[in-house]
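I opened this notebook to record what I looked up, entry by entry.

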Amino acid sequence: PRPSASSRSSGGRAAGSAGGAGSSGAAAEFPEGVDSEVARLLLKRAQFAERHKGAKPYDVLKVKRDASASDIRKAYRKLSMQFHPDKWARTTDVLKQASETAFADLNKAYETVGTPDKRSAFDEYSGEDFARDWEETSQGKSSGDENFYFGDPLIATLTEELWEKRLSGTSIWLIEFYAAWCPGCRNSREQWRDIAHKVEHLPVEVGAVNCVRQRRICAEYVGVTSYPTVRLINREFGTMQNFKGGLDVEEIPKWVERVAKEWKWLFHNAKVHMDLSRSSFAPGGAVADSESMWIVAFMDGLECPACKSTSINLLRLSASFRGLPVEVGIVDCSLPEQRSFCYEEHEVPQPPHRPLTKAWRVGPKNASEASEPGEVLYGPGDMEPHLAFMLVEKLVRLALADRLGSSALTDADAKLGGFDEEEQEEEPPPPDAGGGSYQGWANSRTMPELQWDDSGVSDRRALPRPWQTWQGASAGPQLSR
């Protein structure tokens with residue numbers, strides 16, 4: 001049945017009130033060739049803009065507050081094409097006016113949350129005082145400790161307060177750590193901006209940390225020893241990898257694409273048991289009752305630089321061993337309930353210490369009903385950890401090849417689909433943006449090249465030493481024979 005005249009009139013007023021006085025009648029009937037649903041949405045957006053005056057940018061862009069910079073850019077491009085005034089120039093005066101209002105609101109929203117530092121300020125001070133707080137913050141500069149990239153549209157200025165808020169989930173961050181007094185850092189600012197533009201099409205966020213102001217991040221969280229330092233970081237999985245060399249505008253984007261591709265695949269395919277404790281090794285526990293081989297790292301928390309390097313190496317082991325009877329796990333010795341288990345029963349060096357990695361054999365364990373202590377795989381003071389893990393991966397995989405299960409990853413199962421359906425709609429990156437496509441990284445069943453030693457970096461002679469800034473005993477304990 002046809003709606004009554006009164007219901008049509010009511011619907012027209014609801015949709016048309018956004019366009020200003022006299023627009024209610026226009027909303028009921030739109031010019032020929034105009035999508036009525038899109039036109040009503042345009043009028044609602046104009047009304048929303050007049051009511052909220054730019055105070056709700058996330059709602060305008062239709063993204064969540066924790067959306068990535070890539071998601072925000074994608075939303076802005078899609079909506080700007082839909083509601084650009086040029087598209088409505090040959091419609092009614094009401095729709096033209098509404099498009100100008102809605103598009104201005106869209107631009108204001110993108111200006112607010114599309115710029116990393118302004119977005120951070122909005123998240124912190126959103127409300128009536130935001131404009132004033134932003135103006136005061138953006139004008140505050142001081143010689144020798146100023147933030148180089150504050151307000152840059154692609155580079156987030158990271159602080160201790162923002163570290164946990166922004167570095168969340170599976171997001172991968174490319175971060176420059178610099179000191180404002182460092183001449184080399186000052187002279188390379190344009191290179192970092194160029195690098196940010198070149199990796200814009202990759203699934204990474206770009207940030208910068210001023211170590212003069214953020215000493216705790218640089219000293220405790222990541223262990224920076226020279227400036228500038230460039231690292232890829234993910235906090236959820238505790239991963240960190242250094243770029244060996246200067247701010248090379250050509251090499252860094254290639255390195256980022258290579259490592260980010262590996263990490264996305266690892267996050268999707270690896271399984272590291274993060275909650276191992278004393279009960280896991282006792283009869284009835286996950287390790288004790290398992291027929292699989294276990295490789296376990298005893299770590300002094302998850303934040304120390306050496307711990308982050310070990311975390312990414314454990315992810316590599318776990319993903320590489322899929323289909324084999326091998327499990328990988330972590331014991332967090334920094335927890336009070338784990339201290340006696342780590343430092344007394346397993347004789348882990350007293351903190352602060354480097355991660356100590358042990359292995360438990362394939363097959364039955366605790367045959368004598370006594371807890372098995374495991375075998376120390378290597379002394380971290382005698383061998384570089386990334387080389388030790390690389391050898392362990394190859395030896396275990398070859399030794400257990402005859403036990404390969406159906407869940408193993410094979411080249412024959414490779415696929416090149418996107419991260420999700422929406423990603424396939426993304427425009428291809430410009431040819432000079434680093435090359436290659438990141439579609440299918442996470443879901444591909446083809447194992448990418450594992451980046452044990454930052455291979456491919458220009459300075460191959462510079463071996464990564466992830467323990468250099470974390471002081472501890474020179475070697476782990478060795479079991480007596």
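**Entry 1: Disulfides.** I began with the term itself: a disulfide is a pair of cysteine sulfur atoms within 2.5 Å. I noted that such a link is a covalent bond between the sulfur atoms of two cysteines. I worked on a predicted model, in which local features need pLDDT of at least 70 and side-chain atom pairs count only at pLDDT 80 or more, while totals for chains, interfaces and linings use all residues. Residues are numbered from 1 along each chain as its sequence is written, and side-chain values use heavy atoms, with hydrogens and water left out.

How many disulfides does a search of the whole structure find? I recorded 3 disulfides.

I looked up Cys-333 and Cys-342, whose sulfur atoms lie 2.2 Å apart in a disulfide. The link of Cys-333 and Cys-342 is left-handed, with -85° about the S-S bond. I then checked accessibility, where buried means under 20% relative accessible area, exposed over 50%, and partly exposed in between (1.4 Å probe, protein chains only). Cys-333 counts as buried at 0% relative accessibility, and Cys-342 is buried with a relative accessible area of 0%.

I turned to Cys-211 and Cys-218, joined by a disulfide with an S to S distance of 2.0 Å. The torsion about their S-S bond is about -85°, so this disulfide is left-handed. Cys-211 is buried at 4% relative accessibility, and Cys-218 is buried at 3%.

Counting bonded cysteines along the chain, I wrote down the pattern 1-2, 3-4, 5-6.

Entry 2: I took helices (H or I, at least four residues) and strands (E, at least two) as DSSP runs, numbered from the N terminus. Two strands pair if DSSP finds at least two bridges between them. Strand 4 (residues 229-234) and strand 5 (residues 239-242) pair in the antiparallel sense over 4 bridges. I found that the bridge partner of Leu-232 in strand 5 is Gln-241. Strand 4 and strand 5 form a hairpin with 4 residues between them, and Gly-238 in the turn has a positive phi of about 65°.

**Entry 3: Salt bridges.** I counted a salt bridge where a side-chain nitrogen of Lys or Arg is within 4 Å of a carboxyl oxygen of Asp or Glu. The search of the whole structure finds 12 salt bridges.

One of them joins the side chains of Glu-200 and Arg-73 (3.5 Å, N to O). Glu-200 lies in the loop between helix 11 (189-198) and strand 3 (204-210) and Arg-73 in helix 5 (residues 69-83), so the pair ties together parts that are 127 residues apart in sequence. Glu-200 is partly exposed, at 31% relative accessible area, whereas Arg-73 is buried, at 13%.

I next looked up Lys-198, which forms a salt bridge with Glu-250, the closest N and O atoms being 3.0 Å apart. Lys-198 is in helix 11 and Glu-250 in the loop between strand 5 and helix 13 (251-269), 52 residues apart. Glu-250 counts as partly exposed at 46% relative accessibility.

Finally, I noted that a network of salt bridges links Asp-152, Glu-190 and Arg-193.
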